[in-house]
Structures are given as structure tokens and as C-alpha cells.
Amino acid sequence: DRAAVEALLTPDAVILEGGNHESRTEYLSHHFARDAAYLAGKTAESVFRRTTVAGDAAWVASTQRIGDAEMAELLVMKQTPDGWRVAAVHWSSAR
């Protein structure tokens, strides 16, 4: 859901994946469509999740299986007047 992702990412969010970084605008303009296409119709099996809140910052570390891939994700969030928003994302995967 592109509109939901756009609303949840802070304007200055950074996305880290594959040794590269993208801004929110860069991610939404091209990489998001590939991620959405890959995930369409797939079910993620949660393996591990830990959430930590420290004042107006929080992070969620998780791993999951999607098809034959093992995925890891770290989300860094901050409390804003509009609620919690994602300020940084780091993804990695292995087969």
C-alpha cells in the first residue's frame, strides 16, 4: 500500500539495503514498486521480533522467512505530532 508507506516514512527517512542508501523520495519513486511486486501474494513467517522504546524513539528488529529467503529488518521510529513514523529502515536477505 504505497499511500500507507508514504504516510509512515518521515520526510527525511533513509532506506539502507544491499550496501546502498536511498532517500524516501528515491525509494518511493522506484524501489517500492519492485518490493511490492516481490511481496505480492507471498506470506511472511515471523521468526524473531524485538521492539524497544526509549522516550520518543523506538526500534524494531525482526527476521522472517518469505518463500525461500531469510529476511532481516531494522526499523527506527520516532514519535511525531502525527504518531510514530519510520525514520530509517535497514533490510538484508539471504537464501
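The following is a short exchange about a predicted model and the reasons behind its labels.

User: Why is T10 called buried?

Analyst: Its relative accessible area is 3%. Buried means under 20%. T10 falls under that cut-off, so T10 counts as buried.

User: Where does T10 lie, and which residues is T10 in contact with?

Analyst: T10 sits in strand β1, which covers residues 9-17. Leaving aside neighbours within four places in sequence, T10 is in contact with R24, K78, R85, V86 and A87. Contact here means heavy atoms within 4.5 Å.

User: What makes H90 partly exposed?

Analyst: H90 has a relative accessible area of 36%. Buried needs under 20%, and exposed needs over 50%. The value for H90 lies in between, so the label is partly exposed.

User: Where is H90 found, and what does H90 touch?

Analyst: H90 is found in strand β6. Not counting residues up to four places away in sequence, H90 touches L16, A72, E73 and L74. H90 and G19 are 71 residues apart in sequence, yet 9.8 Å apart in space, C-alpha to C-alpha.

User: What makes E6 and R2 a salt bridge?

Analyst: Their closest N and O atoms are 3.9 Å apart. The cut-off is within 4 Å, so the pair qualifies. Side chains of opposite charge can pair when their charged atoms come close.

User: How are E6 and R2 placed in helix α1?

Analyst: They are 4 residues apart in that helix, which means about one helical turn separates them. E6 has 31% relative accessibility and is partly exposed. R2 is partly exposed too, with a relative accessible area of 39%.

User: How do you know that R65 forms a salt bridge with E45?

Analyst: The closest N and O atoms are 3.2 Å apart. That is within 4 Å, so R65 and E45 meet the definition. R65 lies in strand β4 and E45 in strand β3, so the pair ties together parts that are 20 residues apart in sequence.

User: Are R65 and E45 buried, exposed or partly exposed, and why?

Analyst: R65 has 32% relative accessibility, and E45 has a relative accessible area of 43%. Both values lie between 20% and 50%, so both residues are partly exposed.

User: What makes E70 a salt-bridge partner of R65?

Analyst: The closest N and O atoms of E70 and R65 are 2.9 Å apart. That is within 4 Å, so this pair counts as a salt bridge. E70 is partly exposed, with a relative accessible area of 36%. Salt bridges that share partners join E45, R65 and E70 into one network.

User: How many salt bridges does the structure hold?

Analyst: The structure holds 3 salt bridges.

User: How much space lies in the largest pocket, and which residues are closest to its centre?

Analyst: The largest pocket holds about 680 Å³ of space. It is lined by 26 residues, and the closest to its centre are Y27, D35, L39, E73 and W91. Rolling a probe the size of a water molecule over the atoms shows where empty space is left.

User: Which element gives the most to the lining of the largest pocket?

Analyst: That is α2, with 6 residues. Elements that each supply at least two residues include α1, β3 and β6.

User: How do the lining residues of the largest pocket divide?

Analyst: The lining has 18 nonpolar, 2 polar and 6 charged residues. Asp and Glu count as charged.

Terms used. Residues numbered from 1 in each chain as written. Predicted model: local features only at pLDDT ≥ 70, side-chain atom pairs only at ≥ 80, totals over all residues. Heavy atoms only, no water. Buried < 20%, exposed > 50% of the residue type's maximum accessible area, 1.4 Å probe, protein only. 1 Å grid on protein atoms, 1.4 Å probe; cavity = no way out; pocket = protein on both sides within 12 Å on 5 of 7 lines; lining within 4 Å. Points joined across faces, edges and corners; volume = space filled by probe spheres on them. Salt bridge = Lys/Arg side-chain N within 4 Å of Asp/Glu carboxyl O.
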